[in-house]
Amino acid sequence: MKQITTAIVIIAIFTATAAAQQLEKKRYRATETITAPVIDGIPDEEIWNTGNWAGDFTQFEPFEGRKSSQPTEFNILFDNSFIYVAFKAYDSAPDSIVNRITRRDQVDGDHAGISFDSYNDKRTGFTFIVSSSGVKLDLIHANDGMTEDLTWDPIWHVKTAHFDWGWAAEMKIPFTQLRFDKNSADVWGMEVFRNIYRHNETNFWQHIPRNASGLVHNFGILDGLQNVTPRKILDITPYAVAAYDSYEKEAENPFATGQDFRPSVGLDAKVGLTNNLTLDLTVNPDFGQVEADPSEVNLSAYETFFAEQRPFFIEGRNITSFRCGIGDGDLSYDGLFYSRRIGRQPQGRPVLEENEYARTPRNVRILGAAKITGKTNNGWSVGVVESLTQESLAEIDNNGVRTSQSVEPLTNYLIGRVQKDINEGNTIIGGMVTNTRRDLESDKIPDGSSLLDLHRSATTAGIDFTQYFSNRNWIFSMAAATSHVTGSSDAIYNTQTSSRHLFQRPDADYITADSTLTSLSGHGGNFQIGKMGGKWVFSFFTLWKSPGFETNDVGYMVKADDIMNVFWSQYRINEPFSIFHRIRFNTNHWTRFDFGGSYLGYGGNINIYTQYKNLWSTSINSNWNSEGISNNLLRGGPAIKTPGSMGINYSINSSDRKKLKISAFGSNRWYNDDEDNHSRNQSLGMSATWRPADNLRISLSPSWSGSRTNLQYVTTRDFEGEKRYIFGSIERTTVSMSLRVNYNLTPEISIQYWGQPYLASGDYSRFKMITETPMADSYNARFSLFDDNQIAPDGNNYNIDENGDGNRDYSFRNPNFNFDEFLSNLVVRWEFVPGSTLFLVWSQTRSAYSPVGDFILEDNLNNLFAGQKPHDVFLVKFSYRFGLR
């Protein structure tokens, strides 16, 4: 789950809650000024007295509708270029104001803010927040507050100051940073809010009940801006990067000299095409300051989803998103656009002869990318992304003779997204198209290269529809998409037989792997109907993906051939009572089928989340899965019955209002297999966050997990014209610990460190092959254990004499492993003027691997830190923004 600031948590609560009421909307009139106020956090200039000071805030939390415990006032002025906002946050105990200095967008402590619905579409809010210590937080609320984009970083100015009566803030927001039309119904929507941290109290100018079904459509009204002329943005930000790599030298490898120097230059630009549409450009982008992905050992057949962290791709992603999945867990990741495909690691490997060495790029270079996002005055939301990635060449050395081979073809990506609001945002229709095209004719692609198995082109198209009813208390939505990929017959055959599709399954009479096809098509989507309002909310979802649905060229999909039905319900108690601050009761139930009509099983869970008046919280979740059928466990083999399971998850969290916050969590799952040592999963972890000073935050998060899986896939072998699906029992142990330190000299200068040792082992035993009766009612009849006369170790392999004639029939590699990795990242960031930044970065990677399988903590750490030299990267990045209008 993503972690967001107190302000965003609060907004999300009332966004997701229940039955909206028709509210009397407040109206505020902004005042035009010729003289601009000085932005110093002290709103005592006479110019502010020409405007209207307004207040009368009410509590949203903890006691909805009550008068705020401390008064708040605000004032809004404007001229041709800027809108100015002043806050006076009165406090009868000014020494108790919590002033914590953090990085931008990580506000902690007392804060205040304002949100503008400048489109006046009742769906989109541009939000500006400042903490009492002067830290900025800015975001875009989309879909009536259902989603938020924290990556939006507009250029604006703010200062705060402290007094014996409380604290104050002054904001200066350029109209170029807001999107609006000259005739946005003559008024804007607006909400003003304040958080009093020590009381966990949030107050709003326009009262919105906690049972409201949305956020933005409940805003108050901002008047007086009718004569403001929209202004187009034009920002140019060139940058320069110098990176130095230090690593272990390899004596025979001419490329592994132990050090590399990598200079680079590039350009980012933001251009206002119209009042409402913005073009973002990047040429030769560099993302060296972005934190590395966490370590993992993935023994499944499926790709792990990693969140996007590169600024160009995450800003505005709410507009370019098209979800084929459902919910907010693993099922939510499926979609038509997964930006991590662009600039990925090369998909090919060089074909090497004896005595040849290769230097392969870490990532595919993005030559350039352009993005158009915005919303027109007649309700059309538009998102277009165009990106061209360079052909990536591996440089090859053969005794001093240099050649090159392609490891990723020249590729163009195009994504187009539109949505139309009708009936004040109560009806929304939209569509999306993506296209990926690769140049596979390069003479740098050798015969036998895996690049020839890539699709030459891939296109997806989808439509979606959302209808709100009864003042947005009820919702019906649906999304449907199609896909079409083309390529060589080998490429399409590989797609059909990949782990996502498995057309070669011998018992699946509704699909067939066809080696002559040069294209493949499919469809997928979802629909939802549910109640969003009231203390009791619920939704029914259906998700489907046909066997030929394929989106992974520029989208993300775990597996096709899936139909899933989900019923979710929640009952919420929001009003504090007794020792409780709030309580949530959740339940889910789901069933799964494939497109052949096979019933794959069902499951469910019950969850109770409780927050207490001291702001501690607990949660407990009980979940279960029935005995089911897996059509993918054998990775192309027949379906097999799988045992049912039950599990429990639990957590306890102390209040984050204190200097020390501690969280602890764990999980247990048991499987109903019939082996003497049942399959099981266990995990334990904790997180401690300490704030020894207002500008220093230290977090330590150790975790442990252990599991036994009695049916873990190892490999597939051929014997006497038949397939042998080899499995084993595996004991896994994983230990990791994440250390994060954030130190802020000022809101503009920060030092951030993240480090994580990750130690993992897997010890296999009880090797077995699946029998001819994988659907047998008896668990033990689904496989046959190899006895001592059938299996024998041979170095790092196992030899199998299945028929007992004394000869080796087939063999497989010993799958035991120890994988240890240490990742760290130290970033010094200085935003010396708004939009212009200096980064100093040091990142380090250590890794070790051995085929042992035993987990001995001392040995694992010794392998990691006493082994070869780490790979260090030292990087300096300087960017300077030119605001040309």
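Biologist: How many bridges join strand E21 to E22, and which way do they run?
Modeller: Seven bridges join E21, residues 392–398, to E22, and the two run antiparallel. Strands here are DSSP runs (E, at least two residues), numbered from the N terminus. Two strands pair if DSSP finds at least two bridges between them.

Biologist: Before we go on, what kind of model is this?
Modeller: This is a predicted model: local features need pLDDT of at least 70, side-chain atom pairs count only at pLDDT 80 or more, and totals for chains, interfaces and linings use all residues. Residues are numbered from 1 along each chain as its sequence is written, and side-chain values use heavy atoms, with hydrogens and water left out.

Biologist: Back to E22. Which residue there is the bridge partner of Asn-398?
Modeller: Val-401.

Biologist: What is the strand order in that sheet?
Modeller: E18-E21-E22, an open sheet of three strands with antiparallel pairing. E18 (356–359) and E22 (401–408) are the edge strands, each pairing on one side only. Neighbouring strands are turned by 30 degrees against each other on average, direction ignored. Axes are lines fitted to C-alpha atoms, and angles run from 0 to 180 degrees between N-to-C directions.

Biologist: New topic. What is the order in the sheet with E42?
Modeller: E42-E43-E44, an open sheet of three strands, paired antiparallel. Its edges are E42 (791–794) and E44 (810–813), each pairing on one side only.

Biologist: How many bridges join E42 to E43?
Modeller: Four, running antiparallel, with E43 at residues 797–800. Ala-792 stands opposite Asn-799 in E43.
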